[in-house]
Each structure stands twice: as C-alpha cells, then as structure tokens.
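Dear colleague,

I am passing on a structure that I would like you to look through when you have a moment. My notes on it come after the structure itself.

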Amino acid sequence: MAACVDKWHPTHPGRLSSAIYRFLPDCTKDRPAAAASVGADASGSGSGCCVRGDDVWDELRAEAQADADAEPLLRKFYGDLVLSRPSLEAALAAHLAAKLCVPGALPQDALRDLLAGALAAHPEAGRAARADLLAARDRDPACDKMVHCFLYYKGFLSLQAHRAAHGIWSEGRMAAALLLQSRVSEVFGVDIHPGARIGCGILFDHATGVVIGETAVIGNDVSILHGVTLGGTGKDSGDRHPKVGDGVLIGAGASVLGNVHIGAGAKIGAGAVVLRDVPDGTTAVGNPAKAIGKKAAPQRRPEEQPGVAMEQGCSDFVI
C-alpha cells in the first residue's frame, strides 16, 4: 500500500515522496510548518516539530469529549464510537462495520473483525488515516474538528474502508476486498477499486460520485472534489488508469482517463477531461483539457501546492 513512509513516488518510481504529513512506523509525526505548534520555526524545527505518541487520536478523543459534555444527546453516541475505543484503528473498524454491514447477510461483528484484522496487518493504513484526518481539518473550511470528519464525512470513511480493502487485496483475498468495495459504493457513493494505490494526507471533499480504477496511483497531499473519475478509456487490460503526483488538486466533475500522468503540484479544473499527461505545476482546464497560463515556480513550498492550499482559481496564472 502506498503510504507516507514508502520510498515510492507516483511519477518517479524509486524517489522518496515529500509528503507534508509524514508518519513514522512508531506513530511519530513530523508536523508541517503550516500546522506546527507555537514555537516551531518556519523550517519545521523546534519544540513543535516532532510529537511523540498518538497525538491525532488523543486530540480526536478530546474533541469528542468536549462535544459530549456540551451536548448530552451525544454522550452515548460519542462514547460508543470514540471514547470507549482503545485506538483509532479499533474505532474505525467498529464505525465502518456499523455502516457497511448487511443485517442477516453480512454480520456487523464479522465485518468489524475483517476490518480490524486488515488494519492490524497493514499499519501503514492507520498512519495514512491520521494524515487524512489532519488534511481534512486543515484544508476543509467546513471541518472544525477531526472528530466530525471521523464520524460524518463519507469521503474520509470511504477512503479508510478502501485502505483496509487494499490491504486485503494485496494478500490475494480478492473476494473479500471486492465485497468491501461494493458496500462502500452502495453506502457512500464512492467507488474505489481495491487495487488502486493511494498515498496519505488525502482529502475527498464531499466525495459523492468519485470513481477510481484498479491501476490508478495517487500520491501524497492530494485533494479531490466530488464527481471526479480516474478511469480507463476502454477495454484495455493491464496498467490503464491515471497516475497522480503529490500535491495535486482535482476540481469537481473532472475526468482523467487512461494511463496518463498528472505531475506534482498540478491543478485540474472543474469539469476538465484530461486525456494527456499534465506537467508538474501546470493548470489544465477544458474538454479536452489544455494547459493554461504559465507553469508554476518549481520551488513552490509543499504547503503551497494546490492539493494543500485548495486554491481552485487561476489568479496565479497569465491566461
């Protein structure tokens, strides 16, 4: 599974990807400068740079407790889904199982065990989930708390179900992985093939109608709006889906079709139909999509990449 710490890059195999949100195997987080604690300098060094322990889960639990204290109606709801759980992975497995189970055919307990087993066997999925929560909080102006993303955002939930399904798929358990894909599509309206490889720090904003094909690859710190298709162009088999680099922003209703490469820091306009490679730092709009304006400066800082800044306009470009 593509993850923040993999020595893998979607458009340059073998190159270490420069994700903003990076989780090490022991769940240490290197904070980005944009989200660093007070006291960290612009380079990310200082007391806020590196936080030991599961600070994302701790913060999410604190948010849940505050909501439960403020609204008594939510106490049992938050207690069952968050406060009574020992870890983010356990909470995810239980929450997704409740959403995706089929009474009488796909028992909730059995589905929870399947999801929990997949997350335990593939710890990179949990690290990516934490980066995804931070991405939603930092990029989505409608997301005030990570706990709201965890509980209510179908983009986040469908992506975490995919991470579990991808782990199962990689073990050769195709039928179980396809079952998860089908249920996610039915429940959340998001269809991601379990073979697709997706990095960390991903935001699916609104998410309804997102379709991602089997051989698609998505880098780190990417933001994708609703109605986006990363699909093939016909009946060709093999490597037939898009490769999306780090820091990319794909606007609502855009379609990227075929084994094309979207370079790091590129921006795909809403409604665009992309049939050819898009160079790094380029904005592409239209049907068929064409590059507009000038290419972005290559020295753009990671937090200024379109997928992180969420700037969908073309004010930075000469048209």
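This is a predicted model: local features need pLDDT of at least 70, side-chain atom pairs count only at pLDDT 80 or more; totals for chains, interfaces and linings use all residues.

Residues are numbered from 1 along each chain as its sequence is written, and side-chain values use heavy atoms, with hydrogens and water left out.

Six strands make up an open sheet with mixed pairing, in the order E6-E9-E12-E15-E17-E18 (strands are DSSP runs of E of at least two residues, helices runs of H or I of at least four, both numbered from the N terminus; two strands pair if DSSP finds at least two bridges between them). Strands E6 (203-205) and E18 (290-292) each have a single partner strand, so one side of each is left without a neighbour in the sheet. Within this sheet, E15 and E17 run parallel and are joined by two bridges, with Ala284 of E17 as the bridge partner of Ile268.

As for the rings, Phe77, Tyr78 and Tyr152 are linked into a cluster by ring pairs (centres within 6.5 Å; stacked under 30 degrees between planes, edge-to-face over 60, tilted for the rest). Phe77 and Tyr78 are edge-to-face, at 5.9 Å and 80 degrees, whereas Phe77 and Tyr152 are stacked, at 6.4 Å and 5 degrees. Phe77 lies in helix H2 and Tyr152 in helix H6, so this pair ties together parts that are 75 residues apart in sequence.

Best regards

Definitions and conventions. Rings of Phe, Tyr and Trp (its six-membered ring) pair if their centres lie within 6.5 Å; planes under 30 degrees apart count as stacked, over 60 as edge-to-face and the rest as tilted.
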